[in-house]
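Open the model in your viewer and get ready to select residues.

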Amino acid sequence: MRRITQIAIVMAIIIAATSVSQAQVRFGVKGGITLNELKWDKEIINKDNRAGFTVGLMMEIGMPIVGLGIDASVLYAHRQDDMYLEDNLQDIKLKRDYLDIPLNVKYKIQIPMLSKIISPFVTTGPDFALVLGDTDKGDFKTRKWNTSWNVGFGAELFRKIQIHANYGIGLTKAFEYIGQEIDSTPIKGKDKLWTITAAYMF
């Protein structure tokens, strides 16, 4: 948690420094799909990738000259999981809703003569997700806060539309399965997910 706090502080400093530099600030709406997989620390649970969706608002703070900036969003995210429990031969379907807050450093690649048409970019940064609703689902307990690290790439078209593909690697557990315990320790699961979004910038 200390490392996550340090990362958040560094990101906040970058945002402040960017703002002082008279950076360009833009807002937009964003929506897309997710493909989620839970990674368990004990392989007694078979799982299938399941599609979900995300929608919300974003803000971009950028320095056009160097192409570096911040991409921050506040999103509603719906994730689904299909699993088969080998210990009791049971199929489980879990649905989760999150308030999702990704905070990425973004670097836009400036292409002479083409920047008004297309600007490729890469992103990386932490993602903080707060569970909405009940966290107790039978033998499964959902962690209230779930933190991931994002790595992504995309392109901005005509300085208005942004297409973004992002891979999130879970840093903290998303679930605990208490139906079967190994050495009195609950089995823990982390999220690994692809997110593909489209955004319109104002």
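Begin with the lining of the largest cavity: its residues divide into eleven polar, five charged and four nonpolar. This is a predicted model, so treat each stop as part of a prediction.

**Stop 1: the centre of the largest cavity.** Select Asp100, Pro102, Asp127, Asn166 and Thr195. Of the 20 residues in the lining, these lie nearest the centre of the largest cavity. The space there comes to about 240 Å³.

**Stop 2: the strands around it.** Now colour these strands, each of which supplies at least two residues of the lining of the largest cavity:

- E1 (24-40) and E4 (68-85)
- E5 (90-108) and E9 (145-157)
- E10 (161-170) and E12 (185-201)

Which strand gives the most to this lining? Pick out E4, which gives five residues.

**Stop 3: the second largest cavity.** How many cavities of 30 Å³ or more does a search of the whole structure find? The search finds two. Select Lys30, Met58, Asp71, Lys106, Phe121, Gln162, His164, Thr197 and Ala199 to show its lining. These lining residues divide into three nonpolar, three polar and three charged.

Stop 4: Keep E10 and E12 coloured. Each supplies at least two residues of the lining of the second largest cavity. E10 and E12 also each supply at least two residues to the lining of the largest cavity.

Notes: Residues numbered from 1 in each chain as written. Predicted model: local features only at pLDDT ≥ 70, side-chain atom pairs only at ≥ 80, totals over all residues. Heavy atoms only, no water. 1 Å grid on protein atoms, 1.4 Å probe; cavity = no way out; pocket = protein on both sides within 12 Å on 5 of 7 lines; lining within 4 Å. Points joined across faces, edges and corners; volume = space filled by probe spheres on them. Helix = DSSP H or I, 4+ residues; strand = E, 2+ residues; numbered from the N terminus. Nonpolar A, V, L, I, M, F, W, Y, C, P; charged D, E, K, R; others polar.
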